Amino acid sequence: MPSAPADTILNKAAIRWNLSKLTPVAETSRAWTYRVQREDNTSAALRVFKPDHTADADRAGRLLDWYRGDGAIRHYGTSDQCILTEWCEGKLLSEPATDGKDAQATGAIANLIGMLHVARPDKPEKLLPLRDYLTDFHTADVRLWPDTARDLYARSIGIAYAVFDKPSAEIPLHGDVHHDRVMLAERGWVARTPIGLLGDPAWDLAASFLHPWGEVKLGADPVRINAMADAFATKLDLKHKRILAFGAIYAAASACRALAEGQPINWQLAVLPNLLAVYDLA
């Protein structure tokens, strides 16, 4: 791993939850993930959020408690900038999607989102409003985009203004459900650690249009995009065009984040034009 959390953070987490065998397995821009062993010798996932994302742990923990394992990984505890959850070793949903079962994978996501969006009492507090989460997208420097793609950003921003200007339901959102973050547990498909947002239900479907990541025959296929939106709209009783709108917003926002970090946006640029084209025809 190119970097690691301070030893004191790991030591405190190990003592607090009586953990052993802390093995680093992944690092993202938000957090480090460790596979650990609990007191009962079962495995768990310890996610240590980076200094700029310490509030993410609290939001994720509150939301996972609210889900109670229905459609999401189980939550064991949250403290400081750490969150402890169940460890899942099942296959990712991207595997059947790329193995000729993409329609079934779309159905699995629709079913999972349906479970996550079930009305429950005592809505979790301190979730991040979707508008605030997209602040960097709204204030992005369009000059970072390739000259030939700046119109894509402009279109996506226009769509964002349009959807946010129309009142919609605001519910707790996982915020990052897609084929590469949904795993098979004994009880079925479950989503990994959430972002913890509050906003339009259609947002939780948006990331799926950009995944499985890098699979051009799937992500850049207008027929597939339209079929996914149809399946989501039918299963979850949401508006087809609004689902596509958030798909485009998600793809453009993903490109903005990548550009700000100096990363390429080839994949986003392969998908976004097709999302916009299908949106225009909806």
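# Close-ups of a predicted model

**View 1. Pro 24 stands opposite Tyr 34 in S2.** Five bridges hold S1 to strand S2 (residues 31-37), and the two run antiparallel. Pairing, by the way, takes at least two DSSP bridges between two strands. This is a predicted model, so local features need pLDDT of at least 70 and side-chain atom pairs count only at pLDDT 80 or more, while totals for chains, interfaces and linings use all residues. Residues are numbered from 1 along each chain as its sequence is written, and side-chain values use heavy atoms, leaving out hydrogens and water.

**View 2. Five strands make an open, antiparallel sheet, ordered S1-S2-S3-S5-S4.** At the edges sit strand S1 (20-27) and strand S4 (75-79), each of them pairing on one side only. From one strand to the next, the twist averages 20°; axes are lines fitted to C-alpha atoms (for helices, over the stretch in contact), with angles running from 0 to 180 degrees between N-to-C directions. Helix H1 (residues 7-17) lies across S1, S2, strand S3 (43-49), S4 and strand S5 (82-86), and runs at about 140° to S3.

**View 3. What does S5 pair with, and is it buried or exposed?** S3 and S5 pair antiparallel over five bridges, with Ala 44 opposite Glu 86 in S5. S4 joins S5 through four bridges, again antiparallel, and there Ser 79 stands opposite Cys 82. The hairpin of S4 and S5 has two residues between the strands, and Asp 80 takes a positive phi near 55° in it. As for cover, five of the five residues in S5 are buried; buried means under 20% relative accessible area, exposed means over 50%, and partly exposed is in between, using a 1.4 Å probe and protein chains only.

**View 4. Helix H2 (residues 54-67) has the length its residue count asks for.** Its 14 residues should span 20 Å at 1.5 Å a residue, and the end C-alpha atoms are 21 Å apart, which agrees. The expected span is 1.5 Å times one less than the number of residues. Buried residues in H2 include Asp 56, Arg 59, Leu 63, Trp 66 and Tyr 67. The buried residues of H2 pack against S3, S4, S5, helix H4 (102-116), S6 and S7. Just past the end of H2, Arg 68 takes a positive phi of about 55°.

**View 5. Three strands form an open sheet with mixed pairing, in the order S6-S10-S7.** Strand S6 (128-129) and strand S7 (171-173) stand at the edges with a single partner strand each, so one side of each is left without a neighbour in the sheet. Two bridges join S6 to S10, and this pair runs parallel. Leu 128 stands opposite Leu 197 in S10.

**View 6. Which residues does Arg 192 contact?** Arg 192 sits in the loop between strand S9 (188-191) and strand S10 (197-199). Skipping its neighbours within four places in sequence, Arg 192 is in contact (heavy atoms within 4.5 Å) with Ile 73, Leu 92, His 174, Asp 180, Arg 181 and Met 183. Its relative accessible area of 29% makes Arg 192 partly exposed. His 53 is 139 residues away along the chain from Arg 192, and their C-alpha atoms are separated by 17 Å.

**View 7. Arg 181 lies in the loop between S7 and strand S8 (182-185).** With a relative accessibility of 13%, Arg 181 counts as buried. Leaving aside neighbours within four places, Arg 181 is in contact with Asp 176, Val 190, Ala 191, Arg 192 and Thr 193.

**View 8. Zooming back out, the chain has twelve helices and ten strands.** A compact globule of 282 residues would have a radius of gyration near 19 Å, and the chain has 19 Å, which agrees; the radius is taken over C-alpha atoms, and the globule rule is 2.2 Å times the number of residues to the power 0.38. The C-alpha atoms fill a box of roughly 55 × 40 × 40 Å along the principal axes. Buried residues make up 52% of the 282. Among contacts between residues at least 6 apart in sequence, 69% join residues at least 24 apart.
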